[in-house]
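Here's a quick tour for anyone meeting this structure for the first time.

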Amino acid sequence: MASSSSSAIVIVAVLLALFAGSSSAQLSTNYYYKTCPKVFSTVKSGVQSAISQERRMGASLLRLHFHDCFVLGCDASLLLDDTSNFIGEQTANPNRNSIRGLDVIDNIKSQVEKVCPGVVSCADILAIVARDSVVLLGGPGWNVKLGRRDSRTASLSAANNNIPPPTSSLSNLISKYQAQGLSTQDMVALSGAHTIGQARCTSFRARIYNDSNIDSSFARTRQRNCPQTNGSGDNNLAPLDLQTPTTFDNKYFQNLISQKGLLHSDQELFNGGSTDSIVKSYVKNPKSFSSDFVAAMIKMGDISPLTGSQGEIRKVCGKVN
């Protein structure tokens with residue numbers, strides 16, 4: 001009796017595992033091979049144009065994919081604009097006055113619609129754009145899995161709860177990523193995206209005035225453009241990577257070892273905790289960081305996609321059909 005019960009439990013567990021992975025299993029790198037063969041060249045052209053006008057935009061576009069996938073999965077819910085009877089995710093704390101590049105996505109979507117109308121989802125465009133942004137800023141490339149569909153809803157509360165804030169402790173970072181099926185190593189590798197981009201004073205003010213695990217000269221430099229008083233200079237910017245802020249490399253991790261992480265959550269990765277060894281390994285071996293980052297991006301892109309008949313293919317990314 002016990003053995004038959006055990007067998008039943010094993011079978012159920014296997015079925016659950018297969019079911020859980022079924023959506024991501026439907027994603028494919030050649031999903032649009034026949035239905036929209038020009039999707040990659042069209043998207044890349046739009047990303048190139050945006051980054052040539054402002055290199056910082058590459059980081060902003062990469063961030064959109066991350067903030068989308070951590071809320072209800074990679075379904076472009078982030079892109080839905082608020083209406084008189086709908087509140088989306090764009091006014092959530094991690095996104096308000098912070099997310100950028102929505103106009104770039106809209107422009108790319110309109111170009112894709114011209115070459116293959118009603119075929120490519122906004123969720124897939126976000127995934128391709130994230131890859132292209134990394135590559136164009138000097139980072140590694142990968143084959144993007146595609147076949148996601150777009151949601152018809154969004155969640156303000158999930159956006160507020162699921163995306164780790166810049167004040168996060170290491171344990172909070174680990175738990176937030178684990179909730180998405182991502183490992184601690186995935187978390188450290190994905191945090192390496194902070195090798196590009198900038199942050200607002202309001203995101204790092206507490207760190208540069210209150211934290212003790214910070215290089216003193218670095219803190220003073222950042223304090224010059226970020227007053228201690230809340231409401232003063234809140235939107236003043238500083239690079240997340242002080243060495244090469246528009247080049248995708250491993251300098252971010254070097255900064256952490258020097259106690260020059262801009263965000264509190266950045267420095268938590270190298271602060272005498274369980275992730276110190278991973279940070280050190282990425283400093284010593286840039287190729288290891290690149291390969292782990294690619295693997296983690298692909299894994300993140302697999303978070304709860306809508307496939308098959310779920311969701312829709314939006315005509316315009318900011319609103320449901």
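Serine 304 counts as partly exposed, at 47% relative accessibility (buried is under 20% relative accessible area, exposed is over 50%, and partly exposed is in between, with a 1.4 Å probe and protein chains only). This is a predicted model, where local features need pLDDT of at least 70, side-chain atom pairs count only at pLDDT 80 or more, and totals for chains, interfaces and linings use all residues. Residues are numbered from 1 along each chain as its sequence is written, and side-chain values use heavy atoms, with hydrogens and water left out.

**Positive phi**
- Most residues other than glycine have a negative phi.
- Serine 304 has a positive phi, near 40 degrees, and it sits in the segment after H14 (helices are DSSP runs of H or I, at least four residues, and strands are runs of E, at least two, numbered from the N terminus).
- Asparagine 97, not a glycine either, has a positive phi of about 55 degrees.
- You'll find asparagine 97 in the loop between helix H3 (57-69) and helix H4 (102-115), and it's exposed, with a relative accessible area of 64%.

**The cavity**
- Searching the whole structure turns up one cavity of 30 Å³ or more (a cavity is a set of points on a 1 Å grid over the protein atoms alone where a 1.4 Å probe fits but cannot get out, and lining residues have an atom within 4 Å of a point).
- The largest cavity holds about 70 Å³ of space, a volume being the space filled by probe spheres set on the points.
- Its lining includes His65, Trp142 and Arg148, while helix H14 (residues 286-301) gives the largest share, three residues.

Note on methods: 1 Å grid on protein atoms, 1.4 Å probe; cavity = no way out; pocket = protein on both sides within 12 Å on 5 of 7 lines; lining within 4 Å.
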